[in-house]
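This briefing goes through one structure by topic. Please keep the sequence and the 3D view open while reading.

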Amino acid sequence: MESVTGAVTISCGLNYTQSYLRSLNILRCSQDMLRGELNQLTELQKLKESTLVQHFYYKHDMVKVESILNYSFRCKSWLVQALTHKSAIDLRIEKEVKMRLDDYERLEFLGDQILSYLVARHFYLATEQDK
């Protein structure tokens, strides 16, 4: 299954791979649905924005992090979450904002999968001539 999925991805691209996986009932959502879920996650994250920016972003000078990355996050709370260990989450702030504050672990999982794909793609293409 994995090798066929890899072949479909290499020959047809990621958009077709999504269609292929949907045809096998492995992926059960459309791109529009995925985009909607991503937008919903971003809207929920924006609800935390002012609190996280106030308590973490400026307090820990995360402007420097953005400068080093040469990227300015539109939603600063994503950066705060990406750099927050679970031991650093202050339960008093959670009570104040009446919502759970997240640590970096879910974003790390997502990043791991994206990097795995990119590294696998690189080595697959780089070793094509090594037959």
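**Briefing on the predicted model**

Helix H3 gives the most to the lining of the largest pocket, with 12 residues. The model is a predicted one. H3 spans residues 31–57, and the largest share of the largest nonpolar core, four residues, also comes from H3.

**Largest pocket**

- The volume of the largest pocket is about 1,800 Å³.
- Its lining is made up of 44 residues, and Leu34, Leu38, Leu110, Gln113 and Ile114 are the ones that lie nearest the pocket centre.
- At least two lining residues are supplied by each of helix H1 (2–12), H2, H3, H5 and helix H7 (105–126).
- Sorted by class, the lining of this pocket holds 24 nonpolar, 12 polar and eight charged residues.

**Nonpolar core**

- The largest nonpolar core consists of 10 residues: Leu52, Val53, Phe56, Tyr57, Met62, Leu79, Val80, Ile89, Ile93 and Leu101.
- H3 and helix H5 (76–82) each supply at least two residues of this core.
- Tyr57, one of the core residues, has a relative accessible area of 3% and is therefore buried, the limit being under 20%.
- Apart from neighbours within four places in sequence, Tyr57 is in contact with Leu52, Met62, Val63, Glu66, Lys76, Leu79 and Val80.

**Cavity**

- The structure holds one cavity of 30 Å³ or more.
- The space in the largest cavity is about 30 Å³.
- Leu52, Phe56, Val80, Thr84, Ile89, Leu101 and Asp102 line the largest cavity.
- By class, this cavity lining has five nonpolar residues, one polar and one charged.
- Among the residues of the cavity lining, Leu52, Phe56, Val80, Ile89 and Leu101 are also members of the largest nonpolar core.

**Aromatic pairs**

- Two aromatic pairs are found in a search of the whole structure.
- Tyr57 and Tyr58 make an edge-to-face pair, with 5.0 Å centre to centre and 85° between the planes.
- In this pair Tyr57 is buried, at 3% relative accessible area, whereas Tyr58 is exposed, at 56%.
- Tyr71 and Phe73 also form an edge-to-face pair, with 5.0 Å centre to centre and 90° between the planes.
- Tyr71 has a relative accessibility of 44% and so counts as partly exposed, a class that lies between 20% and 50%.
- Phe73 is partly exposed as well, with a relative accessible area of 21%.

- Thr9 lies in helix H1 and is buried, with a relative accessible area of 16%.
- Leaving out neighbours within four places in sequence, the contacts of Thr9 are Leu14, Thr17 and Tyr117.
- Gln81 lies in helix H5 and is buried, with a relative accessible area of 4%.
- Not counting residues up to four places away in sequence, Gln81 touches Gln45, Asp102, Asp103, Tyr104 and Leu107.
- Asp102, one of the residues touched by Gln81, is also one of those lining the largest cavity.

**Positive phi in loops**

- Asn25 has a phi near 60°, which is a positive value in a residue other than glycine.
- The place of Asn25 is the loop between helix H2 (14–23) and H3.
- Asp61, likewise a residue other than glycine, has a positive phi, near 50°.
- Asp61 is in the loop between H3 and helix H4 (63–69).
- With a relative accessible area of 34%, Asp61 is partly exposed.

**Arg35**

- Arg35 sits in helix H3.
- Arg35 and Glu105 are 70 residues apart along the chain, and their C-alpha atoms are separated by 22 Å.

Key: Residues are numbered from 1 along each chain as its sequence is written. This is a predicted model: local features need pLDDT of at least 70, side-chain atom pairs count only at pLDDT 80 or more; totals for chains, interfaces and linings use all residues. Side-chain values use heavy atoms; hydrogens and water are left out. A nonpolar core is a set of buried Ala, Val, Leu, Ile, Met, Phe, Trp, Tyr and Cys residues joined through side-chain atoms within 4.5 Å. Buried means under 20% relative accessible area, exposed over 50%, partly exposed in between (1.4 Å probe, protein chains only). Contact means heavy atoms within 4.5 Å. Rings of Phe, Tyr and Trp (its six-membered ring) pair if their centres lie within 6.5 Å; planes under 30 degrees apart count as stacked, over 60 as edge-to-face and the rest as tilted. On a 1 Å grid over the protein atoms alone, a cavity is a set of points where a 1.4 Å probe fits but cannot get out, and a pocket is an open set with protein on both sides within 12 Å along at least five of seven lines; lining residues have an atom within 4 Å of a point. Grid points are joined across faces, edges and corners, and a volume is the space filled by probe spheres set on the points. Ala, Val, Leu, Ile, Met, Phe, Trp, Tyr, Cys and Pro count as nonpolar, Asp, Glu, Lys and Arg as charged, and the others, Gly among them, as polar.
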